[in-house]
Amino acid sequence: MNGSHEIVIAGFGGQGVLSLGQIIAYAAMIEGKEVSWMPSYGPEMRGGTANCIVIVSPARISSPIITRFDSAIVLNQPSMEKFESAVKPGGLLLYEASTVLHPPTRTDIDILSVEALKEANKLMKKQVANMILLGSFLSRKPIIEVANVLSALKKVLPERHHHLLPLNAKALEIGIALGSAVAVEQNQ
Amino acid sequence: MIVEGAVQAGCKFFAGYPITPATGIFKGMVDMLPGRGGLALSAPDEISAIAYAIGASLRGLKAMTATSGPGWALMTESVQFALMTETPLVIALVQRLGPSTGGATQGAQGDVLLAEYCTSGGYTIPVLCPATAMECYSLAILAFTWAEVYRTPVVLLTDKEIAMTSERIDDHALCPMTAQDRPTAKAGSAAYAFEFPQEIPGFRPVGGYEKVTVTGSAHDKQGRLQKNSPETVQVLRHLEEKIRWREQDFSVVESDLQAGAETLVVSYGVTSRAALQAVVRARAEGTAVSFLAIKSLFPVPKKAIVKALAGIRTVIVPEENLTGLYRSVLSSLFHGADVRGVNKVGSMITPGEILEAVKEVQ
């Protein structure tokens with residue numbers, strides 16, 4: 001579909017995989033786009049596999065299920081094995097560096113490895129690793145405005161966690177910087 | 001959106017017992033209903049949940065419960081009680097992978113016949129099947145209208161993907177109407193009075209000024225238990241006749257027929273969205289193909305299906321179950337056509353798989 005962007009975000013439960021997708025969907029909705037967010041996870045509260053498919057489109061979305069993606073954001077090894085081949089040629093495969101042991105090998109896609117967990121630990125809050133990844137994603141695929149991501153965050157985060165908003169904004173900034181830095185490196 | 005629709009419809013009572021993937025409805029009702037002049041209860045189990053809802057409806061409130069496959073299995077006795085006592089009731093059944101506890105977080109379309117044929121005697125229970133968030137809202141309102149106007153249990157059949165996927169909706173396009181109310185009984189008439197079998201008896205609340213007898217056993221028009229009296233048999237026939245006679249009023253479909261097409265794709269629920277995309281792609285590649293998404297699974301919208309069949313040689317019915325449940329119901333209408341299924345369990349059917357089936361025909 002023209003102008004639409006189809007993303008899969010996959011990892012373990014508890015890594016913020018589903019919330020990351022929700023934030024993208026909300027932000028796109030604020031911009032007046034059509035969105036669909038479809039979660040898929042096991043019965044475990046934490047530690048099971050989890051993924052979500054997010055579609056952002058200027059036109060109405062017919063099917064929330066798709067098998068090939070414009071972008072994949074991967075947070076563990078099993079998800080890498082499952083989704084590396086599902087990225088469309090020329091698409092983006094972004095992954096968290098420390099959780100993926102065997103890096104992807106495809107050469108027809110844009111591959112970006114980000115040390116999100118390490119950076120999040122520096123902020124003393126490993127839960128914001130997903131926001132760092134989101135920042136890196138947006139640096140490559142600016143499908144939504146950063147300002148709208150921050151407003152979306154207010155909706156997705158329960159009010160009791162609103163004191164963490166500045167920290168999340170910081171994580172997002174770090175992610176954008178990391179994504180841009182790698183891009184520059186590759187261009188050289 | 002089912003919760004929004006139910007509240008808009010005028011639902012004033014909800015009782016439920018949490019079960020994935022229907023817990024969202026339970027939680028939504030508990031959060032929302034008390035603030036809108038209603039009551040939402042957490043029941044100790046599914047049997048109590050539906051019994052509470054029936055009780056509230058017998059008192060005159062628009063009532064609903066929600067569950068998934070394993071809970072539905074427990075509820076079926078009470079669904080029959082609601083049918084037998086002509087008690088309006090909406091049951092949101094969110095399908096998950098079965099049999100038994102199956103897969104709590106996996107979708108499926110395996111309860112289609114279980115929802116419809118849960119009564120001894122095979123009485124027709126209206127079943128509505130939304131495919132989008134917007135339809136969850138509008139069909140929830142319609143489910144209440146049907147339940148109330150025809151005094152029957154109505155199943156709002158969704159699945160994990162429909163119930164748990166978030167989508168953007170245009171809230172200005174939401175129907176601002178409430179559901180219609182049940183007919184009321186004339187003073188002094190019998191509690192289940194009808195002259196012709198297709199008539200809907202006026203409702204009289206339990207606990208009102210006049211005596212009402214409610215029994216799940218075979219009864220006469222007064223609600224008195226009786227064995228094999230002509231009037232009792234008449235009541236039993238009436239329970240089916242009141243729906244069957246109005247069959248055409250229950251037809252809700254979305255049809256997109258293409259002139260000259262010899263292939264028709266028939267689908268419902270979340271799979272119909274993958275099917276629609278497959279049809280759009282097939283047409284872009286130059287293949288003529290017609291499409292029919294059925295929203296009112298039961299009573300079967302025969303007229304719309306027969307209309308869609310004109311000039312059709314092959315019918316493809318994609319659905320997320322192993323044996324082609326709804327295909328087996330429709331097959332008698334497809335006489336002469338080559339009928340094929342696209343079936344899968346454990347994961348969703350993709351547009352590509354349906355497109356493949358469409359291309360195979362050519």
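Figure 1. B:Glu86 is buried, with 22 other C-beta atoms within 10 Å; a residue counts as buried if 20 or more other C-beta atoms lie within 10 Å of its own, as exposed if 12 or fewer, and as partly exposed in between, with C-beta atoms placed from the backbone. The model is predicted: local features need pLDDT of at least 70 and side-chain atom pairs count only at pLDDT 80 or more, whereas totals for chains, interfaces and linings use all residues. Residues are numbered from 1 along each chain as its sequence is written, while chains are lettered from A and ligands numbered from 1 in the order in which they are written. B:Glu86 sits in the loop between α4 and β4 of chain B; helices (H or I, at least four residues) and strands (E, at least two) are DSSP runs numbered from the N terminus. Its phi is near 55 degrees, a positive value in a residue other than glycine. B:Asn228, in the loop between β7 and α8 (230-244) of chain B, likewise has a positive phi, near 55 degrees. With 8 C-beta neighbours inside 10 Å, however, B:Asn228 is exposed.

**Figure 2. The seven-stranded sheet of chain B.** The strands of this open sheet follow the order β2-β1-β3-β4-β6-β5-β11, with mixed pairing; two strands pair if DSSP finds at least two bridges between them. β2 (39-42) and β11 (296-298) of chain B are the edge strands, each pairing on one side only. Five bridges link β3 (residues 63-68) and β4 (residues 89-95) of chain B in the parallel sense, and B:Thr65 has B:Ile91 in β4(B) as its bridge partner.

**Figure 3. Helix α9(B) and its cover.** Twelve of the 16 residues of α9(B) are buried, so the helix is largely enclosed by the rest of the structure. Among the buried residues are B:Arg273, B:Leu276 and B:Gln277. Their cover includes β6, α7, β9 (263-267), β10 (290-294), β12 (314-319) and α12 of chain B; contact requires C-beta atoms, placed from the backbone, within 7 Å. Just after α9(B), B:Gly286 takes a positive phi of about 95 degrees.

**Figure 4. Strand β10(B) and its partners.** Five of the five residues of β10(B) are buried, so this strand is largely enclosed by the rest of the structure. B:Ser290, B:Leu292 and B:Ile294 lie on one side, and B:Phe291 and B:Ala293 on the other. Strand β8 (residues 253-256) of chain B pairs with β10(B) in the antiparallel sense over four bridges, and B:Glu254 stands opposite B:Ala293. β9(B) runs parallel to β10(B), joined by four bridges, with B:Ser267 as a bridge partner of B:Ala293.

**Figure 5. Two cis peptide bonds in chain B.** The bond from B:Thr20 to B:Pro21 is cis, with omega near 5 degrees; B:Pro21 belongs to the loop between β1 (13-16) and α2 (23-32) of chain B. A cis bond also joins B:Phe298 and B:Pro299, with omega about -10 degrees. B:Pro299 occupies the loop between β11 and α10 (302-308) of chain B.

**Figure 6. The contact between chains A and B.** Here 17 residues of chain B are in contact with 16 residues of chain A. On the side of chain B that touches chain A, α9(B) gives the most, with five residues. Strand β2 (residues 34-41) of chain A runs antiparallel to β7(B), joined by two bridges, and A:Ser36 stands opposite B:Glu167.

Methods:
Two residues are in contact if their C-beta atoms, placed from the backbone, lie within 7 Å.
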